[in-house]
Amino acid sequence: MKYISTRNAHRQLSASQAILQGLSEDQGLFIPDKIVHLELEKCLNDDYQTLAARILAPFLNDFNEKQIQKILHHAYDHSFDTDEITPLVHLKEVDVLELFHGPTSAFKDVALQFLPHLMKESLKIQDSKDEMIILTATSGDTGKAALEGFKNVEQMKIIVFYPKDGVSEVQKLQMLTTNGNNCYVIGVNGNFDDCQRMVKACLSDKTLIHKMKENHQRFSSANSINVGRLLPQIVYYFKAYLTMVKNQQIKMGEKINVAVPTGNFGNILAAYISKQMGLPIEKFICASNENNVLTDFIRYGVYNIHRAFKKTNSPSMDILISSNLERLLYFYCENDEMIKEMMEELAVKGSYEVNDLVKKKLLKDFYGGYATQEETKQIIHEVYEKENYLLDPHSAVAYKVIKDFKKENINSYKTILCATASPYKFMETVYTSITNEKADEFEMMKRCETKIKIPIPSNLKDLKEKEIRHHQNIEVKDMKKVLCELLGVSYD
Ligand SMILES: *Cc1c(COP(=O)(O)O)cnc(C)c1O
């Protein structure tokens, strides 16, 4: 298996090369050039790590079995609060796939506990002594999850840029209290897209890269543009399906739907890849908040970012440019020239339209919908009252879109809802949805704990006592300059 760039299919890299590089030089994203089928029957009794090894080995074909075991051991042996890693909770209308049992209580841990060790082994395979500079833009959860994954990992430095008014108070505290000796956390006076655009520009800045090379440093990315982020996310879709088969909720081979609260399109793309590998998924329910670019795109085939950027109560989905969509488009049209043109149009005009074939495929595979902030709160309330289950705002957005989907479609398949964050991470929205009261963030956590009798995750509970270690705030235009200073290279 080789990895090719979505904007130049002639550029072929091995897995370890693609993982170390992050983004292709032509600004394209790396994708595997073929997808291996998985025999579901064989996996029925696998635990999480056995299943993960089985799924990932063909994608990581320049890694040996021992290396893959080692990476999985580092990622999943101790850092999650349950051996199931991603447990499934049965509710009346849906099965909730809880993806938030990792060290930062967000689904990104599943990939970001894995990626640093994957990079470390990649460096060994490539026989490189360079220092890896992990440059990350975050809308909240990636930042802390990346910091937790990379902190104190040798040969790596992690630099996180976050929109200083665009993340929740808890998310901000989580990042600012990180204690690794190789961690830098910097607030930016702008939104997530500003941060991501600047990070992407730096990652492909030839002059900067050259200077770093002389300094024995090289960039990579922990954002979901890195294919090493995408791969471990495939595993839990299989795990959830096999669990439902084992619990006799479905028969082997029976179709299901998956509903995913979507921002950068990474999680739902992993679901799409799992279908290509043989997982019987009927519909991908793509749920957005009021930044509903994807809803319109799926319905009309026009991607258009000419709209107001909204700060919502599901901040990790406050995104106008969903990077991973580029990978789906490549899978659909397998035409690197066309992808390049569309992405250039997006960069220049802020919009592009896909052809009729792609429109048809989108409508067949996906259902796009969105929830307003008020609807999100209503759903949190409703599910709590009916099921005594607390959804976080992102997961509630997906729940709302499932309801819309069922109203509009005859589709009797069971649906898996990806729950992407612990409700304890977004207390202001969650607690005011179920009580109409408001209190200090940590007080609300305590009161919720009493109500739902599920312990506050320890990483959140201890947060208030921790020391703030990062104080820097900057303007968007200064991002590159600040980066150069950190790296010890000259700024021009
Ligand atoms: C990152 C994130 C999302 C969006 O996931 P994508 O893979 O970027 O689509 C949804 N919910 C939460 C809580 C997140 O942290």
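This is a predicted model: local features need pLDDT of at least 70, side-chain atom pairs count only at pLDDT 80 or more; totals for chains, interfaces and linings use all residues.
A polar contact is taken here as a pair of N or O atoms within 3.5 Å. An oxygen atom of the ligand lies 2.8 Å from a polar backbone atom of Gly263. For Gly266, a backbone N or O atom is 3.2 Å from an oxygen atom of the ligand. The side chain of Thr420 places an N or O atom 2.8 Å from a nitrogen atom of the ligand. On its own the ligand has 380 Å² of accessible area, and the protein covers 98% of this.

The shell around the ligand consists of 15 residues, and the closest are Lys108, Asp141, Gly263, Asn264 and Thr420. By residue class, the shell comprises 8 polar, 5 nonpolar and 2 charged residues. The largest cavity is the space taken by the ligand.

Cysteine pairing was examined with a cut-off of 2.5 Å between sulfur atoms. The count under this rule is 0 disulfides. Cys195 takes part in no disulfide, the nearest cysteine sulfur being that of Cys202 at 11 Å. Cys195 has a relative accessible area of 0% and is therefore buried. Cys333 is likewise in no disulfide; the nearest cysteine sulfur belongs to Cys286 and is 18 Å away. With a relative accessible area of 17%, Cys333 is classed as buried, because the value falls under 20%.

Notes: Residues are numbered from 1 along each chain as its sequence is written. Side-chain values use heavy atoms; hydrogens and water are left out. A residue is near a molecule or strand if one of its heavy atoms lies within 4 Å of it. A polar contact is a pair of N or O atoms within 3.5 Å; within protein, one must be able to donate a hydrogen and the other to accept it, and residues adjacent in sequence count only if both atoms are side-chain atoms. Accessible areas come from the Shrake-Rupley method with a 1.4 Å probe; for residues, only the protein chains shown count as cover. On a 1 Å grid over the protein atoms alone, a cavity is a set of points where a 1.4 Å probe fits but cannot get out, and a pocket is an open set with protein on both sides within 12 Å along at least five of seven lines; lining residues have an atom within 4 Å of a point. A molecule sits in a cavity or pocket if more than half of its atoms lie within 2 Å of its grid points. Ala, Val, Leu, Ile, Met, Phe, Trp, Tyr, Cys and Pro count as nonpolar, Asp, Glu, Lys and Arg as charged, and the others, Gly among them, as polar. Buried means under 20% relative accessible area, exposed over 50%, partly exposed in between (1.4 Å probe, protein chains only).
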